[in-house]
Every structure is written in C-alpha cells, then in structure tokens.
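Here is a report on one protein chain.

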Amino acid sequence: MTYRTENIQLDLFPEEEVTGQDYTATFADNMTLPVHKWYRYTAGFSAVWVNELIKKEKLNGRNKIIDPFAGSGTVLLECEFENVDGIGIEAHPYIYRIAKAKLNWNYPADKFKNRALLILAKAKTITINKTDFPKLISSCYPIEIAQKLESLKQAWINEEQEDDIRDFNWFIITSILRISSPVGTAQWQYIQPNKTKSKVVDPFVAFEQKVNDMYTDMKRLQNRFPKSTKSVVFNEDARNIQSIPDKWGDLVITSPPYANNYDYADATRLEMIFWGDISGWGDLQDNVRKHLVRACTQHVSKLNGEINDILSNKRLDPIKTELFEVFETLKAERLKHGGKKNYHLMIAAYFNDLANVFYSLRKVTNDNCLMCFVIGDSAPYGIYVPVDKWLGELAVSAGFKSYSFEKLRDRNIKWKNRKHTVPLKEGRLWING
C-alpha cells in the first residue's frame, strides 16, 4: 500500500516542516475518501491504515473494536465498511454530534437530499433584520453573511424534522460556517479575525454544495456496501466508560489528545457560539473542557488545589519518580518565561487522566485484546516528556501484558523558528492484552 504524504495534521504543529516520512498517523488521506471527507478533523488518522489494520486483525479473530477517543468517527466508519462491530466514546459534545451524523451515511439518500434542500428553500424565504450578533460572529462575518447563516439556523429551528434529518441539517450548517467567513477561520484553527481568506463561499451556495456532495457519497457507498454493521458512538468520558459491556472489545484503535497544549474546546468556539451552546470563551470550561482529557494549560488553570491528590494517585506509581522530576523542573522553568504557563500541572493531569483511561479500557476489553494508540511525545519549555514509555508503563500497570512503540516520523527536526530544539516523534504504541 502506498500512502499519500500530504500532511494536514501538521496544522496542530504549525512550526513543523513536511518531510518524506510516514504520515499514516494523520488525517491527510481521508480528505479524498467518501464520508470521511465530510468534515475535516485535524486530530484524526488515516482511514486507509485503519481499514488495513481491521482486515488484518479480523484474520486473528478480532472483530469487536473500540475507539475511546472516537473524534469524527474514522475508526467507526471503517468498522462498518469491514462488517465488524464498532463502539466509540467521544467526550466533546460537539465532535460527538459530528461523528453521529457521519455514521448515518446509509440513510435513504434521496430522502436526505429532499429534506435537506427543503431547509435551504425555507431559509431563503426568511428575512433576518437582526444586526446584534455575538461579538465573535460579528468579527467573523459581514452582516449580510451573518443574516443568511441566521436564516438557515432559524429554518432548522422552526421546521419540523425527524431526528436523523435534523442531525444531518445541523451537521451541514455547522460544516459550512468556516468556509462562509472571509476572515481567518481555517478548520480547527483558532479564530484570527485580523486575517483574510481569498476564497469565501456564500452560505446558501455552500449548503447546496454540501448536500450534493453528501448525496453523491451516500449513493456511492450504499451501492458498494448494501449490508453493513452499524457502529455506535456514545457521548461519554473515556476515563470512566459506562456504555460498553465488560470484556467486550478485542481491538482498540485510537489516538488520545497529545500533551501539546492544543485547546480542543476553544477550537470549536465559533460553532458553539453560533448555535447558542455557549455565550463566550468563559463558558468553555463548564460546557466542554471538564469532559475532556486535560492536555492544555487553559484546562488546568484552577488545578492547584487538586495537584497533591493527582501526584499521590497510586495509578501513577510506575512513572511517579520520573513524573515528579519533570513536574518540579517545569514548575521552576515556567518562572523564566513571560507566559508562566502551567505545563507542570498539565503534564501531571494528562498522565493521571490517561492512567484512568487504561483502567477503564481494561474493564471493557478481553484478555486477548490488542490496542493501538497513535501518540506523539512532548517537550514543553524544552523539557522532554517520554510519552510512549510512560503510557506503555501505565497500560501494563492497569493490567495489560506488554507494550512496544513503532516510530512513524520525526517531529521538530528543523531548528528554525523553534521554541525549543528537542527532537520529537510520532508513532504507534502497541499494547497487548
């Protein structure tokens, strides 16, 4: 199998340069694949690689698959295409809805198209005179574009729809928000109102294009896979999985958030404000972050009172000496930097959370399971954190038998414009049941 090397996930690591390495741990391939391409999810990985892994492990008798960080549903979709059972867990309420809509690709295509275009037709009849939009919306859209988007939202709210169609139309409107804005709103990038884009699509045109693209994919896949299993995704916390039966899974394919200070809650702020799910940045902590693995400093800003409990957690015992050393080094290092970021708290909370994920997975996987975690290591303030080693040891401590690491590519190997010069890597952590 030849993999394309276009690298979209590097958006999460904007200081890095593309090299001739293995990028199957990225979402790049998926932007040409039906259904997968409906929504660009930067933190995903290659659907082609997932499919090959599922096929290989089916021959080993593994056909019940878990993704505890389901994201936009890459693993779950490939489970359906390979006729194996898939269950996903996704804690981010917004991303959960994205995955749920994509997993409905086998809904009757003609009915989908008719109902979706009906919402567009209704929106075109609605006159919006409102001009007092939330500040972020006003910063991202000229008034006439904001009013068109609002008319789509009002049509979605007012029109009686069955649940599946309602989910589809929410997904379509959500997915066109960024391409309809003339400012810096690239997918999964923080909003940059002072930047401009050369290509902007009118909301009504974008909506119709999205419907037609989805319709084409649905027809194509429904002809190719007339019978397939149905994966399910739960809006649940991977640290405390409740909806998967004990000992159910025999293969885990996933990629947890990296400890790289990327704020997955803030990355969806535009969409959540548009829909009224939050009123501003301050609402992200209670509405989103508290459900997520703590992998950014914004998430741990109020953690000081909890840090002693975290550092004394028995589940961290296998790495406690090394973790405490890194914790103290980062704590001292932050005082030398202007931002004084709480990387020491972030790192402690991150491994505490992943330890809990492994215990949660141990409960829902059988003794013959295989797990593959796509991971990347980290070096905040230039202090190296051996993510692969620490996660492997935490998995063994949770009851898994052994682990090994397969490096796919180097990161941070070009020194120009770097905040630090520590070589990093990305790869697959293989864990045996």
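## V357 in helix α13

V357 is part of helix α13, which spans residues 343-364. Helices here are DSSP runs of H or I with at least four residues, strands are runs of E with at least two, and both are numbered from the N terminus. At 0% relative accessibility, V357 counts as buried. Buried means under 20% relative accessible area, exposed over 50%, and partly exposed in between, with a 1.4 Å probe and protein chains only.

V357 touches F69, A238 and R239, leaving aside residues up to four places away in sequence. Contact means heavy atoms within 4.5 Å. D237 is 120 residues from V357 along the chain, yet their C-alpha atoms are separated by 8.9 Å.

## Basis of the model

This is a predicted model, in which local features need pLDDT of at least 70 and side-chain atom pairs count only at pLDDT 80 or more, while totals for chains, interfaces and linings use all residues. Residues are numbered from 1 along each chain as its sequence is written, and side-chain values use heavy atoms, with hydrogens and water left out.

## T254 in strand β6

Strand β6 covers residues 249-254 and includes T254. Is T254 buried or exposed? T254 counts as buried, at 0% relative accessibility. Not counting residues up to four places away in sequence, T254 touches F45, D67, P68, F69, C372, F373 and V374. F69 is among the contacts of T254 and also among those of V357.

## Helices α6 and α7

Helix α6 (residues 143-158) packs with helix α7 (residues 163-176) at about 170°, and their axes lie 10 Å apart. Axes are lines fitted to C-alpha atoms, for helices over the stretch in contact; angles run from 0 to 180 degrees between N-to-C directions. The angle makes α6 roughly antiparallel to α7. Under 35 degrees counts as roughly parallel, over 145 as roughly antiparallel, 65 to 115 as roughly perpendicular, and the rest as oblique.

From α6, the contact uses L149, L152, K153, W156 and I157; from α7, R166, N169, W170, I173 and I176. These residues divide into seven nonpolar, one polar and two charged. Ala, Val, Leu, Ile, Met, Phe, Trp, Tyr, Cys and Pro count as nonpolar, Asp, Glu, Lys and Arg as charged, and the others, Gly among them, as polar.

## Chain and cysteines

The chain has 14 helices and nine strands. Of its 433 residues, 59% count as buried. Among contacts with a separation of 6 or more, 73% join residues 24 or more positions apart.

The structure holds zero disulfides, a disulfide being a pair of cysteine sulfur atoms within 2.5 Å. C140 counts as buried at 1% relative accessibility, and C296 counts as buried at 3%.
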